[in-house]
Amino acid sequence: MPFDHLGLSAATLRAIADEGYEEPTPVQEQAIPIVLSGRDLLAAAQTGTGKTAAFVLPILELLAPTANTSFSPARHPVRALILTPTRELAMQIAESVKAYGRHVPLRSAVVYGGVPVDPQVKETRAGVEILVATPGRLLDLVGQKAVNLGQVSIFVLDEADRMLDMGFIPDIRRIMELLPARRQNLLFSATFNDDVRRLSGSFLHDPETVEVAARNTAVETVRQLLYPVDRDRKTALLIHLIRTNGWRQLLVFTRTKIAASRLARELDRAGIAAVPIHSDRSQSERTKALADFKSGEIEVLVATDVASRGLDIEELPVVVNYELPLVAEDYLHRIGRTARAGLEGDAVSLACVDEVDLLRGIQRLMRRAIPWTVEPGFVPDRNMEPRPISGRGSPGASVRDARETRAREGAGRRGGIHPRGGRPRASGR
Ligand code: AMP
């Protein structure tokens with residue numbers, strides 16, 4: 001179905017053509033008419049499905065009649081509020097709003113934590129119709145009377161599952177109390193568990209639902225492959241695979257910041273340009289790392305789950321799980337980094353004997369087994385005893401401990417401390 005069958009105006013269609021999009025993705029095809037009709041929406045869609053345009057395009061359409069060029073802030077109240085968990089996602093959504101809305105005189109702004117608040121105060125006080133925000137910073141700005149949410153008519157909760165994981169729910173509830181009762185609500189989530197359902201049930205009114213990928217199944221176009229390997233030979237195997245496959249642009253996941261830094265160092269030492277991306281690195285370091293990666297100067301980015309969230313690097317051919325994630329859903333998020341918007345991609349996992357429980361959890365979630373192969377020269381030692389992942393207790397108990405630690409770490413990242421994701425626009429796809 002072409003874009004012009006969805007009820008979008010000429011100005012929006014022009015912006016879509018500028019982006020080089022030829023036809024809507026499934027989530028856009030289904031969600032855009034629902035949002036345009038004014039109904040509440042519950043959408044199951046992962047990053048990479050084109051979900052941002054699925055809500056931004058109809059929001060622009062719905063707000064276009066209020067667009068004006070007045071200098072008075074009062075003529076530019078916040079009419080659409082888009083809440084998202086991380087700084088990167090916020091920036092990417094804001095970029096999309098600017099790109100898709102380039103032919104409509106609506107003002108937009110993005111606010112997130114971890115940077116000085118004053119410029120955001122100035123910008124929001126001047127009046128913006130579309131505000132993209134992380135929850136903590138938004139509440140700060142409301143507290144400083146820089147933002148008034150009393151005229152919001154469309155509220156978007158993006159990545160609701162991640163919001164829950166990161167402990168944002170009290171903030172979201174406080175924000176919702178500041179919104180008018182009569183409004184349109186859109187909720188997007190990559191995964192649906194009972195908590196997400198409870199949250200959506202608490203504020204969506206008779207929503208239409210859209211589900212683009214079957215629940216909790218991996219992106220179909222990702223080729224998954226797992227290499228069993230001894231724990232102390234993972235780095236050697238990774239180096240071997242990078243060299244023999246000629247991989248160039250690679251995103252590698254570790255469970256911890258320490259492991260990310262260590263692995264990046266080891267790859268660098270082997271002559272493979274690699275940098276870690278995690279929250280201990282300064283904003284400018286991470287922005288530079290991402291720019292160097294996109295230019296090809298850096299071949300490997302080593303990231304933890306939280307830090308990688310929202311990194312939108314288009315056409316990423318290979319994702320490697322150097323360590324399996326503690327939370328099975330994170331495996332889906334990780335492999336969703338490749339094969340974006342319908343391209344093919346490879347997701348390769350290196351798993352040692354310690355990670356058998358994690359692998360089982362992932363396969364149970366996907367309801368399918370990951371194909372595996374043993375690389376010659378890296379045959380795992382069958383007699384190796386599993387070690388607990390966090391280094392104490394029984395393997396099962398320690399996975400639980402580590403999950404709790406991870407949840408706590410996630411909850412500590414309020415306000416978004418993530419680097420600028422950035423994305424090359426108008427890639428012509
Ligand atoms: P998202 O899931 O919103 O993060 O979008 C993933 C990527 O798909 C972004 O880089 C978009 O620019 C791109 N994209 C969104 N809609 C389309 C479309 N209809 N055709 C081609 N690419 C698209």
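**Terms and their grounds**

Trainee: Why are helix 6 and helix 8 called oblique to each other?

Mentor: Helix 6 (residues 135-143) and helix 8 (residues 169-177) pack at about 40°, with 9 Å between their axes. Angles under 35 degrees count as roughly parallel, over 145 as roughly antiparallel, and 65 to 115 as roughly perpendicular, the rest being oblique. The pair is therefore oblique. The axes are lines fitted to C-alpha atoms, for helices over the stretch in contact, and the angles run from 0 to 180 degrees between N-to-C directions. Helices (H or I, at least four residues) and strands (E, at least two) are DSSP runs, numbered from the N terminus.

This is a predicted model, in which local features need pLDDT of at least 70 and side-chain atom pairs count only at pLDDT 80 or more, while totals for chains, interfaces and linings use all residues. Residues are numbered from 1 along each chain as its sequence is written, and side-chain values use heavy atoms, with hydrogens and water left out.

Trainee: Which residues make the contact between helix 6 and helix 8, and what is the handedness of their crossing?

Mentor: Pro 135, Gly 136, Leu 138 and Leu 139 of helix 6 meet Asp 171, Ile 172, Arg 174 and Ile 175 of helix 8, where contact means heavy atoms within 4.5 Å. The crossing is left-handed. That term applies if the near helix is turned anticlockwise from the far one by less than a right angle, and right-handed applies if it is turned clockwise.

Trainee: What makes helix 3 oblique to helix 4?

Mentor: Their axes come within 10 Å and cross at roughly 45°, and that angle makes helix 3 oblique to helix 4. Their crossing, however, is right-handed. On the side of helix 3 the residues are Thr 52, Ala 53, Phe 55, Val 56, Leu 57 and Leu 60, which meet Ile 93, Ser 96, Val 97 and Tyr 100 in helix 4.

Trainee: Why does Arg 255 count as partly exposed, and why does Thr 304 count as buried?

Mentor: Buried means under 20% relative accessible area, exposed over 50%, and partly exposed in between (1.4 Å probe, protein chains only). Arg 255 has 21% relative accessibility and therefore counts as partly exposed. Thr 304, at 8%, counts as buried. Arg 255 lies in the loop between strand 9 and helix 11 (257-269), whereas Thr 304 is found in the loop between strand 11 and helix 13 (305-308). Beyond neighbours within four places in sequence, the contacts of Arg 255 include Thr 304, Glu 323, Leu 326 and Glu 355. Between Arg 255 and Leu 326 there are 71 residues in sequence but 7.5 Å in space, C-alpha to C-alpha.

Trainee: Why is one side of strand 8 and of strand 10 left without a neighbour in the sheet?

Mentor: The open sheet has six strands in the order 8-13-12-9-11-10, with parallel pairing. Strand 8 (222-228) and strand 10 (274-277) stand at its edges with a single partner strand each, so one side of each has no neighbour in the sheet. Two strands pair if DSSP finds at least two bridges between them. Strand 8 and strand 13 have seven bridges, Pro 228 being the bridge partner of Ala 351. Strand 10 and strand 11 (residues 300-303) have four, and Pro 276 is bridged to Val 302.

Trainee: How do you know that strand 8 is mostly covered?

Mentor: Five of its seven residues are buried. Helix 10 (residues 234-245) lies across strand 8, among other strands.

Trainee: What makes a set of residues a nonpolar core, and how many residues has the largest one?

Mentor: The set must consist of buried Ala, Val, Leu, Ile, Met, Phe, Trp, Tyr and Cys residues joined through side-chain atoms within 4.5 Å. The largest has 40 residues, and Leu 41, Phe 55, Ile 59, Ile 130 and Leu 186 have the most contacts inside it. Helix 3 gives the most to this core, with eight residues. A second, separate core of 37 residues includes Val 78, Ala 133, Val 142 and Leu 204. Across the protein, buried residues make up 56% of the 429 residues.
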